[in-house]
Amino acid sequence: MSTATAQDRVLSTLNADGTRRWLRPKPAPGRFLNARRAVGYALIAIFVSLPHLRIAGKPPLLLDIAAREFTFFGTTLYPTDTLLLALLMLSVFLSIFFLTALFGRVWCGWACPQTVYLELVYRPIERLLEGMPGRKAKKGAWRKPLRFVIYLVLSFGLANTFLAYFVGTDRLSQWVLHSPTEHWGAFLLVVAVTGLMMFDFGFFREQLCIVACPYGRFQSVMLDRNSLIISYDPNRGEPRGKKKRKPKQDVALPVVNEEPQGDCIDCHMCVTTCPTGIDIRDGLQLECVNCAQCIDACDTIMDKIGKPRGLIRYGSQATVLDQAKQRFIRPRTIIYPTLILGLVTAFTILLATRQPAFVNVLRGPGAPFTIVESMVVNPAVIKVQNRAPEPVTYSFDIVNAQGEIFVPTGAVVVAPGETVETQVQIRVVAETFAQSPDSKFQAQVRVQGDDGFEKVVEHRLLGPANGVMDP
Ligand code: SF4
Ligand code: SF4
C-alpha cells in the first residue's frame with residue numbers, strides 16, 4: 001500500500017503523512033504570560049462562582065433552554081420577548097465583530113475558556129507530571145494514568161459548572177445529590193459533557209481552535225490591515241540566520257560578500273512555544289490565537305543577544321509590514337459602534353417600557369358558544385405570564401359589554417416568571433350581538449393584577465346573529 005504525503009504543510013497539527021502532530025508547547029516566561037495567567041485565573045474564578053451568586057433570587061447568568069427563560073443580571077427574558085432577545089444577540093455579535101476589527105483575536109488568546117483552561121490548567125498539569133517539553137521525560141509509568149485521572153476529576157467539575165449556566169445550581173445539586181436512577185437523562189447529560197471535556201482537553205486540544213471554531217474561520221472577513229494582531233517584523237528580522245561569531249581580533253579573515261543580517265537568529269523559540277504549532281514568521285495565519293507566547297519567547301532572545309525587544313509584537317499589518325501609520329478611524333470602526341449604539345438604545349427603551357406581565361386570550365375548547373339563562377357564554381383561555389419579581393393575583397372582566405368573566409378555579413395567582421393558562425367563561429348579555437349580523441363581537445377583555453398591572457386585550461366573541469335567540 002502506498003502512502004501519500006502532502007508536499008506542503010496542510011495543518012500545523014498534521015504530519016506530512018497525515019498522522020497527528022502532537023504539540024507540546026514550551027512555555028515562554030515573560031510579561032504577557034504573567035498577565036495572561038492573572039487574567040485567566042481571575043476568569044476561571046468568575047466562571048466557577050457566577051452560577052452560585054444571586055441577583056433578585058436568580059443567578060446573574062442563566063440560560064434555561066428547557067424552560068425558555070434567559071436571565072441576564074437580574075432581568076429575565078421569556079420567549080414572548082423575542083424582539084429583546086434578537087436585539088441582545090445582534091448587539092453581542094456586532095460587539096464581537098467590533099472588538100475583532102480593533103484588537104484581532106484578543107478574545108481567543110486571553111479570555112476564551114478553551115485557551116484559558118487548556119493553557120493554564122490542563123497543559124501545566126501535563127508538564128508537572130510528565131516533564132517539560134524539550135527536556136528528558138520524567139520516569140514512572142504511573143504518571144500518564146494519573147494525569148488522566150486528574151483530567152477526569154477536573155472535567156467532571158468543569159462539566160457541572162458549565163451545565164449550571166443552563167439548568168441552575170439548585171437543579172444541578174438535586175442531580176448530584178440523588179441517585180442516577182432517579183434522573184437518567186440528567187445523569188447521562190453530565191456524563192456526556194464530562195466525556196466531551198475529556199476528549200477536548202485530553203485529545204483534541206488546539207485542533208478545536210484550528211479546525212472546529214467558527215470564530216477562527218471568520219477572521220479573514222473580520223480583520224483588516226489596521227486590526228491589532230501579533231506580527232513578526234520581517235523588515236527588521238530578515239534575512240534571518242544564526243548569528244555569526246565575531247572573528248578574534250588577532251585573526252585577519254577576509255570578508256567576502258557578507259550579507260547584512262536581520263535580527264532574527266532563527267532560534268525557533270517562537271515556534272516551540274506556540275500552542276497551535278505555527279511559525280509566526282510566515283505571516284498572519286488562521287491558526288494564530290493571539291496568545292502572545294511568541295512575543296515573550298522572542299523578547300527573551302532579543303534580551304540575550306542585546307537587540308531591542310519587539311521583533312514579534314502587537315501591531316497591525318499596516319504598521320508592521322507596510323510601516324504606515326495606524327488608522328483607528330475606519331469604515332468598520334464607525335459602522336459597528338453606530339449600529340451597536342442603536343441596538344443597545346432600542347433594547348434599553350424596550351426593556352424599560354416592557355410590561356410586568358404578558359397576556360393573551362385564546363378561544364377555549366368545546367362549542368363556540370352556548371346560551372345559559374339568556375346569557376351568551378364563550379369558552380376562552382386566558383394566558384398570563386408574570387414577569388414581576390413577586391407573585392401576583394390577576395382578575396378579569398369585560399370592558400365594552402354587559403357581562404362577566406367567570407373563573408371556575410377562583411383566584412388566579414401567578415408566581416414570578418411563571419405562565420398560567422386559565423380556562424374561563426366569558427358571559428355577555430344577548431343584546432351584545434344586536435348590531436352583529438355576522439354573529440361576531442369584538443370584546444375587550446381587561447386583565448388586572450394586584451401589583452397595579454392592567455391590560456386590555458381584544459378578543460372576538462361568537463353569539464346569535466343580531467342577538468336574536470331561537471325561541
Ligand atoms: S524567537 Fe525571535 S529570533 Fe528566534 S526564531 Fe523566532 S523571531 Fe527569530
Ligand atoms: S503565533 Fe504566537 S500568538 Fe499566534 S498562537 Fe502562536 S504563539 Fe500564540
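## A four-stranded sheet

Four strands make an open sheet in the order E11-E9-E13-E14, and their pairing is antiparallel. The edges are strand E11 (412–414) and strand E14 (454–462), each of which pairs on one side only. From one strand to the next, the twist averages 30°. The model is predicted.

Inside this order, strand E9 (residues 392–398) and strand E13 (residues 440–449) run antiparallel, joined by five bridges. One pairing can be named: Tyr394 has Gly449 in E13 as its bridge partner. Strands of a sheet pair through backbone hydrogen bonds, either parallel or antiparallel.

## Two hairpins in a row

Strand E1 (residues 61–64) runs antiparallel to strand E2 (residues 69–72), with four bridges between them. Leu62 is bridged to Thr71 in E2. Four residues lie between the strands of this hairpin, and Arg68 takes a positive phi near 55°.

E2 also pairs with strand E3 (residues 75–77), again antiparallel, through three bridges. Phe70 stands opposite Leu77 in E3. The hairpin of E2 and E3 has two residues between its strands. Phe73, in the turn, has a positive phi of about 45°.

## Surroundings of ligand 1

Ligand 1 is surrounded by 16 residues. The closest are Cys264, Cys267, Met269, Cys270 and Cys298. Two elements give two or more residues to this shell: helix H12 (269–272) and helix H13 (293–305). H13 provides the largest share, three residues.

By class, the shell holds eleven nonpolar, two polar and three charged residues.

## Surroundings of ligand 2

Around ligand 2 there are 14 residues, the closest being Cys274, Ile280, Cys288, Cys291 and Cys294. Ten of the shell residues are nonpolar and four are polar, with no charged ones.

## Nonpolar cores

The largest nonpolar core has 40 residues. Which of them touch the most other members? They are Ile230, Cys270, Ile280, Cys294, Cys298 and Ile312. Several elements each supply at least two residues of this core, among them helix H1 (31–49), helix H5 (143–167), strand E4 (229–232), H12 and H13.

Cys270 and Cys298 are among the closest to ligand 1, while Ile280 and Cys294 are among the closest to ligand 2. Ile230 touches Ile280, Cys288, Asn290, Ala292, Cys294, Ile295, Ile312 and Tyr314, leaving out residues up to four places away in sequence.

Another core, of 22 residues, lies apart from the largest one. Its members include Val376, Tyr394, Phe396 and Val447. Tyr394 is also the bridge partner of Gly449 in E13.

Methods. Residues are numbered from 1 along each chain as its sequence is written. Chains are lettered from A and ligands numbered from 1 in the order in which they are written. This is a predicted model: local features need pLDDT of at least 70, side-chain atom pairs count only at pLDDT 80 or more; totals for chains, interfaces and linings use all residues. Two strands pair if DSSP finds at least two bridges between them. Axes are lines fitted to C-alpha atoms, for helices over the stretch in contact, and angles run from 0 to 180 degrees between N-to-C directions. A residue is near a molecule or strand if its C-beta atom, placed from the backbone, lies within 6 Å of it. Ala, Val, Leu, Ile, Met, Phe, Trp, Tyr, Cys and Pro count as nonpolar, Asp, Glu, Lys and Arg as charged, and the others, Gly among them, as polar. A nonpolar core is a set of buried Ala, Val, Leu, Ile, Met, Phe, Trp, Tyr and Cys residues joined through C-beta atoms within 7 Å. A residue is buried if 20 or more other C-beta atoms lie within 10 Å of its own, exposed if 12 or fewer, and partly exposed in between; C-beta atoms are placed from the backbone. Two residues are in contact if their C-beta atoms, placed from the backbone, lie within 7 Å.
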